[in-house]
Amino acid sequence: MAFLIYASTLRHSCSFSLALDVLADGRQQTVTVSNHGQPFRVTALYTKKDKDGDADVDVEKYRVLYVAGNGDFSGKHAGIWRRWDPSEYAHAVAKWR
């Protein structure tokens, strides 16, 4: 059996580990799932209001971006994470929109 766990936060950051109650070999036990002994950590994205007043990611607040899939406008790197300069990426997004 496999589980897909998605964690996110809208405003701040948080850290967590998972405690799973499992039944294995007829015994119930609690298994802790962590990030190599440390809690998992998630943070909210920097956002700004777009022209319609909706929240949009403010990519220029970051030092560097790693983008894959449809977010990589070159079309040459599908499925591969590509490093972007945030201001260059913001310019590419503006041209695309």
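Where is the place of Asp-58? Hi everyone, let's start there. Asp-58 sits in the loop between β6 (55-57) and β7; strands here are DSSP E runs of at least two residues, helices are H or I runs of at least four, and both are numbered from the N terminus.

A word on the model: it is predicted, so local features need pLDDT of at least 70 and side-chain atom pairs count only at pLDDT 80 or more, while totals for chains, interfaces and linings use all residues. Residues are numbered from 1 along each chain as its sequence is written, and side-chain values use heavy atoms, with hydrogens and water left out.

Back to our aspartate. Asp-58 is buried yet has no salt bridge, and the nearest side chain of opposite charge, Lys-48, is 4.0 Å away. Buried means under 20% relative accessible area, exposed over 50%, and partly exposed in between, with a 1.4 Å probe and protein chains only. A salt bridge is a Lys or Arg side-chain nitrogen within 4 Å of an Asp or Glu carboxyl oxygen; Lys and Arg count as positive, Asp and Glu as negative, and His and chain ends are not counted. Setting aside neighbours within four places in sequence, Asp-58 is in contact (heavy atoms within 4.5 Å) with Tyr-46, Thr-47 and Lys-48.

Now the core. The largest nonpolar core has eight residues: Val-59, Leu-65, Val-67, Trp-84, Tyr-89, Ala-90, Ala-92 and Val-93.

Finally, Ile-5 lies in the segment before β1 (13-16) and is partly exposed, at 48% relative accessible area.

Conventions
A nonpolar core is a set of buried Ala, Val, Leu, Ile, Met, Phe, Trp, Tyr and Cys residues joined through side-chain atoms within 4.5 Å.
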